[in-house]
Each structure stands twice: as structure tokens, then as C-alpha cells.
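Subject: Structure for your review

Dear colleague,

Please find below the structure that I am handing over to you, followed by an account of what was found in it.

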Amino acid sequence: MERYQDCPIILREFLSYHETIKAQSQRTIAEYYLDLRMFLRFMVLIKNEMPYDTPLDTISIKSVDIEFIRKISTTDIFDFLSYLANDRVNHPDSASESSGISASSRARKLSAIKSFFKYLTVRTKQLVDNPVQELEYPKIRKSLPRYLTLEQSKDLLQAVSGRNEKRDYAILMLFLNCGIRRSELVGLNISDVFEDRVRVLGKGNKERFVYFGSSTKEAIDAYLIERKKIVLKDNRALFGSQKKERISVDAVHRLVKKHLLSAGLDASHLSAHKLRHTAATLMISNGVDVKTVQEVLGHENLNTTQIYTHIENTELKIAAEANPISKI
């Protein structure tokens, strides 16, 4: 919690609760911190009737306490959401030149606010009224995730070559066969590999076993022969880098992009995460039920997995239209 010393005690206690009791990842804790810091800065701005164009990053929230938060109303939260939608200046690297952040970004911030007030009302009972309890999330336009076809997946695997060929091939097979996340892959240790499955540490520090097929087993076995000859600084790691470190998320991102380009695929719209989408899509398309795919991917909510059933339906429609009988 040392990195959050600039926030008020009440917020530090909330973050500590999610870190120690809820066992949330450091990335989730950091997102809560950034979202709630922005929210509280805006609340200080409007409650103290400061000029609306005051930069939020100049506003201190150290003095915010439960009495201040008790005065926050549903209207205040609507004002914050309106600010996000219309006035919040985008990051300089954002694709959008206009002010206002996306519905999905607003939804994430509202989710953090909801968690904060639930903690204060239900968990610690410091508040009686929850001003955000009935607020609905911004409507988010859903789009189908990008993924590789089976033929494109084969092209990608066949394009793997170079100095780290066995390592990279094993990594791509784990993505395409098992659908694990990049963070889960870089966290793999040699001891996590079993005869027909790997043990991964997913979101919320939840462990699960993900089974793989014979081709993936062959790829991993071939790589392990090479891996035994290498000594890494963290020698538990399954995959290492040229600097003898555990392979990083960024390094995995780069190697996937490299092999996508080698395969003649559009690397600007495809990534390691899209290989996870590919694994899920291929499973659904080949008859695996959505509940099983949910367990494989480590999704907490079934709704997250059901997006792949829409992909399957789209492909089935295309297949039906391609049948000459449909033209009669």
C-alpha cells in the first residue's frame, strides 16, 4: 500500500480490503486506485465550488473522510459521469480527438465507485445510504472479438522459425489450444506442466488446470529438451528471455506480432489476446459447450463466454448462405 500514500485513509482501507481479503490482483487494485482517485478529486472540485476547468491532478484528496463521502449524492455521481462523457480530456495518444471517454471506460469507473460504496455500506457499515446502488451502467456497443480461422492458425504455426523456434512454437500452441491469458503464460513454471495439462494462476489468484492436446504436448516436450540446457535467473520459469529472465508480457506480445507478420496476417488487428479468442471460437465451433469453455478460459461470468456463441452463429449463417441450395 506504500504507493497509495497520497490517498485518504478511507480509500487506502478499501484498497487493502480488496488486496488482502478479496485477493484481487495488483493490476485490479491499481485500476481501483486511479478510478476512485479521479472520482474523489472531482467530488472535491464540485463540493468546494472550485472553477470547473481546474485540472483534477492538482486537487488534493488527503482530507476526504467518511463525513465528506456521506454528503455525496446520486446527482453528484451523475455530474461525474456527465463530466466523463463530455468533458474529460482524452490521453494524448488516444485515437479520438474529441473530449469525453468511451462508454466502456465510464462503465469501469462506475464499477469501481459501486464497489467502493458497497464496501462502505455492506462490508464496513460506515454508511447507511448507497447513492450509486440503483445506477445503471452506460450502454456499451458490443462487437464480436477478432480471431483467426483454423487455416490462419495453421499458417501462423507453420511460419514460426528462428533462434527461439521451439519456445515460440510451444507458446503459440498453448495460446491456440488452451486459450490462456498472456499473464497466465508468463507466470508458468516448469512444475506447472503435467502430462496432459498445465496449472495456471488466473485473475484473482485463482488456480485452474487447463488440458491440452497431443500436438501441444509434443511442442512442449520438444521445448523442454531445449529448456533444460538453459539456466535462468528465476530458474523455475517455463519460458525465458534472451537476457535469462522470465519472459515478460511485452516480449510475448512482440513475438506473437513477429510471427503474425511472418505468416502474412494483419498484425495491426491481431495479438496474443486474439489467439485466446481463436481458441475459444474453435472450441465452440467444434461442439464444445459454452459452460466447459467458460471453465477452460477461467471466466468468472458465463456472459463473458457467451460472446463466442454469437461468433459461431455468424459462421453458421455464412456457411448456410454459401451452400448452393440457398440460391435456389
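A nonpolar core is here a set of buried Ala, Val, Leu, Ile, Met, Phe, Trp, Tyr and Cys residues joined through side-chain atoms within 4.5 Å. The model is a predicted one.

In this model the largest nonpolar core comprises 47 residues. Leu174, Phe175, Ile180, Leu185, Phe239 and Val256 have the most contacts inside it. Among the elements giving two or more residues to this core are helix H6 (150-158), H7, strand S1 (197-201) and helix H12 (290-297). H7 contributes the most, with 8 residues. Leu174 touches Ile180, Leu185, Val198, Ile220 and Phe239, among others, when residues up to four places away in sequence are not counted. Another core, of 42 residues, lies apart from this one and includes Phe39, Leu45, Ile61 and Leu110.

Helix H7 (residues 165-178) packs against helix H11 (residues 272-285) at an angle of about 45 degrees, the axes being 6 Å apart. H7 is therefore oblique to H11. On the H7 side, the contact includes Leu172, Phe175 and Leu176, and on the H11 side Leu275, Arg276 and Met283. The residues of this contact comprise 8 nonpolar, 2 polar and 1 charged.

Helix H2 (residues 26-47) and helix H4 (residues 74-86) cross at roughly 115 degrees, and their axes come within 10 Å. H2 is therefore roughly perpendicular to H4. The crossing is right-handed. Residues of H2 including Phe39 and Phe42 meet residues of H4 including Phe80 and Tyr83. This contact divides into 9 nonpolar, no polar and 3 charged residues.

Yours sincerely

Terms used. Residues numbered from 1 in each chain as written. Predicted model: local features only at pLDDT ≥ 70, side-chain atom pairs only at ≥ 80, totals over all residues. Heavy atoms only, no water. Axes fitted to C-alpha atoms, helices over the stretch in contact; angles between N-to-C directions. Helix = DSSP H or I, 4+ residues; strand = E, 2+ residues; numbered from the N terminus. Parallel < 35°, antiparallel > 145°, perpendicular 65-115°, else oblique. Contact = heavy atoms within 4.5 Å. Nonpolar A, V, L, I, M, F, W, Y, C, P; charged D, E, K, R; others polar. Left-handed = near helix turned anticlockwise from the far one by under 90°. Buried < 20%, exposed > 50% of the residue type's maximum accessible area, 1.4 Å probe, protein only.
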